[in-house]
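Hi,

Here is the structure I promised to pass on. Please have a look, and then read on for what turned up in it.

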Amino acid sequence: MGFVTLKITVKGLVQGVGFRPFIYRIAHHHNIYGWVENRNDGVRIHARGNKSDIDSFIVSLKKKRPLASTIKSVSVEEISSAKYTTFIIVNSKSDSDEITDISPDIAVCPACLRDMKEQSHRINFPFINCTNCGPRFSIIKDLPYDRNKTTMNVFQMCDVCAGEYSDVMDRRFHAQPVACLKCGPRYELISKYEKTNNPGKVLELTSVIINNGGTVSIKGIGGYFMACDALNELAVKQLRQSRLREGKPFAVMFKGIETLREYAMVNAEEQELVQSWRRPIVLLKSRKNLAFSVSVGFDTLGAMLPYMPFHYLLFSKLNTPVIVLTSGNIPDEPIIITDEEASKKLLPVSDALVTYNREIFNRVDDSVQMVVNKTPRSIRRSRGYVPEPVDLEQNVNGIIACGAELVNTFCLGKGKQAIMSQYIGDLKNWETYEFYSESIEKQKMLFRIDPVLIVCDLHPEYLSTKYALESGLPVVKVQHHHAHIAACMAEHNLDEKVIGVGFDGIGLGDDNRIWGGEFIICDLADYERVTHFSYIPMPGGDKTALEPWRMGIAYLYKVYGSDLFKLNIPFIKDLNRKNAMDIIQMIDNDINCPLTSSSGRLFDAVAAILNICTHSGFHAEAPMRLESVADQNCLSSYSYEIRHTIHVEVMIKEIVNDIINGITAGEISAKFHNTVISIIFAAANKIRKKSGISKVVLSGGTFQNRYLLESVEKKLTKENYKVYIPGSIPSNDSGIALGQLVIASKRRELKCV
Ligand code: ZN
Ligand code: ZN
Ligand code: FE
């Protein structure tokens, strides 16, 4: 018999996901002797067995891996034979630099859902988990990942749980949060009338409230959520009012995939994503109406499936197959994680508070994804994704990237890995800033980062910039759109010159203007701005973001001068003449009118001129509304001109004429989108012809527009461009930090910092 001994190294997400016990079990199954150990670069195995057993062992390793693990590589090397007589799990050394791969939180697995019905000590136990599932990042305080370093540390394991925990053949072997009805955390319901921690009663009362059209604030994995019946318009409307909630669509949770398919269009990729253990919110096309106030007129739906045991238990009692589940916070503040704050801020606007007595250590919101051209695209990267690192080919060690201002995340460099933070939010107020700086501290500690360099945006007023400047570390400043493009390059491991298309709302340029419709040639170190939308005043500066009508005026004024008031279109007729005159005065006298090349502001202007959205209730509402009316079957477009910069004055004229001629908003919106697509295509062609570069990187918040992204990618690919789009990293400002990180590291490498 030919016996061999192999040294096997498995890289990927293999720690904290039950990988070593899994290896142990398949080793036993295939008569393999040796050991398995966690190393900082992955899992190392020494395996001795006869040739055919070894082969099937490796096949099992790749094919039967734990649900939440990802194998990036398996390297196998034959070593001189060793005399192993058993197979053992070697204890992980707690050497301080070890283990950077902390698992994200994992949705409850099917085996645990079965156990929840069958295991006598876990019947309906809402904290059931195993090595394949359960909370991870949200409860971790320190490394190595052991129970006493998590917020489970206050719960003493009972004998039964301890037995399972130490039995290597058990699915709960070394499952750090293992617990049961006897020894685990408990839910508690608090309302004006009662307070109970009887598990059956908590569930009963919660379901009664929701069934009767009430609102319950429920503590989730990474923060509080507010829930109500998504088919009950009165209930949803009330929830919306109670939260002083802008018009933002609410995310919903369906009981199961069957009901989800009834209400939304789901293709194969979307179904896989929505059912994945990461359980993100997935943006889908609606099929059947929910209560109007859920999506407030949008034809899309942010849908997810249950991911906590409690969700499953709750749906078994509810009459409705779908609930609103939206983050519990005061607008612009981070999602609430403590009972104290929840009682203060959520209880007064809910019929009850449902909490549990395990602390959330790391706050994580739900993640949001969409599928475009069959590929998942991240919009918000948080629960289920964080803190999975992005593997790079360059050394980013010791760099802190501070991110942008809106939808902020930060990013830490550890060796050749970028660890992106959870979604922080808009860094505009104290609460969010506190969450931001506190999280940087926590994660510096957690991942053993010794910061030597810090990198931020050019914008001097961003709180993230101020954080960098106050850190005392050497500071690198990076232009916003260069960072957008570099983030995408980092994700795809590109380190060369590319054509970058950075389209978004706003980002400060190196000429002190507000950029956002940019074509650049760049590599990781530097960029050259090639062309952009021609500048236009942004009357009122930041105010334009929530008042698209201002941009409508700015564009019409540029094209028609004061004659704009003679235009026979609803936008002008509905306009407050005095306010409009004020805007024109501001433009004429250059008062608070920064110049911008923003594509987002152009979308705002068109939405306003079409009278679809003159005032927006939330960030990017105008472009979203414009996209949602676009007629998918219309192929025509408007005129434009690319000289030194891109001019759309003629397009604005043609749009106004179309409105006057009674062309539908759907057709006009489509023609506008097609024009932007055509502009991107034409500009890319021009740049390729001159530079010979045919790799195009598309990034920035504007590319969250499905209509736009779908066609641009198809069209460029058809013309032999290699197109790169952020997938696992958001293309909005949440991705900025990663771009900053790789640019800083490149400049450090080239010694220009
Ligand atoms: Zn499980
Ligand atoms: Zn127990
Ligand atoms: Fe941006």
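Helix 18 and helix 21 cross in a right-handed sense. Bear in mind that this is a predicted model. The two helices, residues 599–609 for helix 18 and 665–691 for helix 21, pack at an angle of about 160°, and their axes are 11 Å apart. Helix 18 and helix 21 are therefore roughly antiparallel, since the cut-off for that description is an angle over 145 degrees. On the helix 18 side, the contact is made by Leu 602, Phe 603 and Val 606, which meet Phe 672, His 673 and Val 676 of helix 21. Five of these contact residues are nonpolar, one is polar and none is charged.

Helix 15 (residues 548–560) packs with helix 20 (residues 649–660) at an angle of about 100°, with 10 Å between the axes. That makes the two roughly perpendicular. From helix 15, Tyr 555, Leu 556, Lys 558, Val 559 and Tyr 560 take part, and they meet Glu 649, Ile 652, Lys 653 and Val 656 in helix 20. This contact of helix 15 with helix 20 has six nonpolar residues, three charged ones and no polar ones.

The zinc ion (ligand 1) has Cys 109, Cys 112, Cys 130 and Cys 133 as its protein donors, each through SG, at 2.3 Å. Along the chain these donors follow the spacing C-x2-C-x17-C-x2-C. The angles between the four donor atoms are 103 to 119°, which makes the arrangement around ligand 1 tetrahedral.

The iron ion (ligand 3) is coordinated at 2.0 to 2.2 Å by NE2 of His 480 and of His 484, and by OD of Asp 504 and of Asp 733. The donor spacing is H-x3-H-x19-D-x228-D. His 484 sits in helix 14 (residues 480–491), while Asp 733 is in the loop between strand 32 (722–724) and helix 23 (736–749), so this pair ties together parts that are 249 residues apart in sequence.

Best wishes

Definitions and conventions
Residues numbered from 1 in each chain as written. Chains lettered and ligands numbered in written order. Predicted model: local features only at pLDDT ≥ 70, side-chain atom pairs only at ≥ 80, totals over all residues. Heavy atoms only, no water. Axes fitted to C-alpha atoms, helices over the stretch in contact; angles between N-to-C directions. Helix = DSSP H or I, 4+ residues; strand = E, 2+ residues; numbered from the N terminus. Parallel < 35°, antiparallel > 145°, perpendicular 65-115°, else oblique. Left-handed = near helix turned anticlockwise from the far one by under 90°. Contact = heavy atoms within 4.5 Å. Nonpolar A, V, L, I, M, F, W, Y, C, P; charged D, E, K, R; others polar. Donors = N, O, S within 2.8 Å, 3.2 Å for Na, K, Ca; no water. Tetrahedral: all angles 85-135°; square planar, octahedral: opposite > 155°, others 65-115°.
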